[in-house]
Amino acid sequence: MIRFVSFLLFLALARSAPAQVVADPLDALRQIADKASSDWQALAKGLEQKIATLLPCDPKSRAAVEEVSRASDARLSALSAYLKASAAKAKADTDAAKRVLAAQAALSGGWVTEHTEADEERAVIEAQVADLKESMRKRGSLSGAEQMLVEIANMVKQRAAKSEEQSGRRESLDSSLGDLVVAYQTRQTALENESALLDAETARWKAYYTARVSRAITECAIINPGPPQRKKQP
Amino acid sequence: MKRACLFAIVAVMSLAQRSRDDYRAVYRGWKQTDPNLERDASTGGAAIAQRADRMAAEAARSAAARKEFLEGTAQDEAQQVEWLENASLIPESTSKSDEQFIKSEAAAVTRTIDTFANDPDKGMQQLRQALAKERVALDTLAPVIAQRKKAAEEVTASTGAIEQARTKALEQSQAMLEGFKNAGASASSEAAAWAEYYRKIGEAAQGTATPITEVLPGAPPAVLNNPVPAPPTVTPLPLARYVGAWTFPQTNALYHGPQPEFIDLLVHEENGHATGSAFARFKLPPGSTGDPIVRFDFSGEFQPARRQVFNLVTAEGAKGTIELIPGPAFNLLEINFQTELKPGKIHQADVVLVKK
């Protein structure tokens, strides 16, 4: 039955694909689940009214109960498919967030390296400035180069300051991404839990509708001790 | 698809790491190419210009490697930002219809059971049993539905937490991306500055060496407020620019080579003939056992040139020369002396003195 419903879902998705090329498959599953749920609700709400006008052994009576039961199976299968897909996506999201956290840690760590490198470069340039000042004593025309070197030293100093500022943001960003990973993990666990609970719920709905069909058979048996007639399926 | 994107991120990350190593290797290569260029720049000439050109090429290579690395890093960060932008979730909605249905069905079944509660008819008892089974099934459904509802509410709550953390991380990640982009732009500015620096070194290497006391082109000449005709001399500048008592200033001192502690120089002139003496003490490197004292006498004829060169003899008998170079101001005189090498003795110095 579940395979059949999955196949129908696949067909429904395939049919809707050309119209919504970029649609999220999860959204499509959600729509299918919502529609199946609405269908069941409509049938379930109208069941008592529908069979109230029928004789207990009227084949339409049992067929109406079985129709609601099938609709219930269909909506639970559709919801299960949606929840399983959601849980799978949540797991993928959790894994992705973990990778993003790891990648970001490496990227943010780069700012610490940038800061260290800029400080080292500045030390080298300052030594060059000192050497150039010495040379300027014999060759005054080097003053232009010396000024430019001092300017470069300032640029590298600014670079070091900016790198330090960025590396200061590192912990905060890592913390936010850590929170994101935890939140995704919580969502994944909640969805997996919901999916498992739905499986248990499905078994109990089946038990309920089995009991409901059984009541219909009993109602007929009270009036007509013979086996209840059943409408042939076309 | 997203997984593929993440594998791509990981791949790009490792590329970026390689790129940092690559660019640092190029940077080290640049710095090791000619570490003495600045020290040797005073010698000037085509050799220095060529060395500056080579360094300019190495600097350009290093800048290109750094820019490539920073661009790669910015791309990596942009992918992080893109993922965070697209990771928003649609809030889940929980339905109450199942609970309502169970409640109303259970009530209806209970009512029917109650109706037939005391009916002794066998058929009615069978129906009551069927209804009781139905009631049990409904009763067992209710707690499972409540549990699933609770799990669904946890899903909804986690969506809020995800959104909060995602928005915060996105904002911070965008600031970091901006930082990498700015670093790339700064790298371009630095690259241009290095190119200009080496161009200036090459430019300065051309022509003869001009000491720091040389009046640079464009500098306004010194003008006396009460000019009197100077006596005719063989030198192009007044003799007063050479003769007199000169000393090493204790502040704003200018020198090349060993650092003097003090220098006293006396220069006399008589009929175009110069005589003079110098007494100096220099700072020696720590641990040095050399002699910090220098004494010498010098003499010679003044020449029709700006720079005057005279022979000298030190107190130890070493021979050498001293060059007197008038400074940009009337009270400044640069002296540049060299002597024969004597163990433990100062044999060369270049110092700007002020007139006493």
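What share of the 356 residues in chain B do buried residues make up? The figure is 33%, where buried means 20 or more other C-beta atoms within 10 Å of a residue's own, exposed means 12 or fewer, and partly exposed is in between, with C-beta atoms placed from the backbone.

**Before you click**

This is a predicted model, in which local features need pLDDT of at least 70, side-chain atom pairs count only at pLDDT 80 or more, and totals for chains, interfaces and linings use all residues. Residues are numbered from 1 along each chain as its sequence is written, while chains are lettered from A and ligands numbered from 1 in the order in which they are written.

Color by pLDDT, the predictor's confidence in each residue on a scale from 0 to 100. Chain B has a mean of 83, with 85% of its residues at 70 or more. Now select residues 1-16 of chain B: pLDDT stays under 50 there, and the model has 21 contacts beyond four places in sequence for this stretch. A contact here is two residues whose C-beta atoms, placed from the backbone, lie within 7 Å. Where pLDDT is low, the predicted coordinates should not be read in detail. For the model as a whole, the scores are ipTM 0.73 and pTM 0.60.

**Stop 1: the two chains**

Show chain A as a cartoon. You'll find four helices and zero strands; helices (H or I, at least four residues) and strands (E, at least two) are DSSP runs, numbered from the N terminus. Buried residues account for 39% of the 234 residues in chain A. Of the chain A contacts between residues at least 6 apart in sequence, 82% link residues at least 24 apart.

Switch to chain B and you get five helices and nine strands. Following the sequence, the pattern reads α-α-α-α-α-β-β-β-β-β-β-β-β-β.

**Stop 2: where the chains meet**

Select the contact between the chains: 72 residues come from chain B and 67 from chain A. On the chain B side, helix 1, helix 2 (37-40), helix 3, helix 4 (97-115) and helix 5 each give two or more residues. Helix 5 of chain B has the largest share of that side, at 42 residues. Sorted by class, the chain B side has 35 nonpolar, 19 polar and 18 charged residues. For that sorting, Ala, Val, Leu, Ile, Met, Phe, Trp, Tyr, Cys and Pro are nonpolar, Asp, Glu, Lys and Arg are charged, and the others, Gly among them, are polar.

Zoom in on A:L173, in helix 4 of chain A. Is A:L173 buried or exposed? A:L173 counts as buried because it has 24 C-beta neighbours inside 10 Å. Leaving out residues up to four places away in sequence, A:L173 touches A:Q104 and A:S108, along with B:A169, B:Q172, B:S173 and B:M176. Try the distance tool on A:L173 and A:Q104: they are 69 residues apart in sequence, yet 8.3 Å apart C-alpha to C-alpha.

**Stop 3: the largest core**

Next, select A:A78, A:A145, A:I152, A:L180, B:A41, B:Y197 and B:I201, which touch the most other members of the 92-residue largest nonpolar core. Such a core is a set of buried Ala, Val, Leu, Ile, Met, Phe, Trp, Tyr and Cys residues joined through C-beta atoms within 7 Å. Helix 5 of chain B gives the largest share of this core, 24 residues. Because domain 1 (2-90 + 163-205) and domain 2 (97-147) of chain B both give residues to this core, it lies between them; the domain bounds come from an automatic or database domain assignment.

Center on A:I152. Beyond its neighbours within four places in sequence, A:I152 is in contact with A:I125, B:E190, B:A193, B:W194 and B:Y197.

**Stop 4: the strands of chain B**

Move to strand 4 (residues 273-282) and strand 5 (residues 293-301) of chain B, which pair in the antiparallel sense over nine bridges; pairing requires at least two DSSP bridges between two strands. Strand 5 also pairs with strand 6 (residues 308-314) of chain B, again antiparallel, over four bridges. A hairpin of six residues joins strand 5 to strand 6 of chain B. Click B:F298 in strand 5: B:G276 stands opposite B:F298, and B:F298 stands opposite B:L312 in strand 6.

Most residues other than glycine have a negative phi. B:N271 is exposed, with 6 other C-beta atoms within 10 Å.
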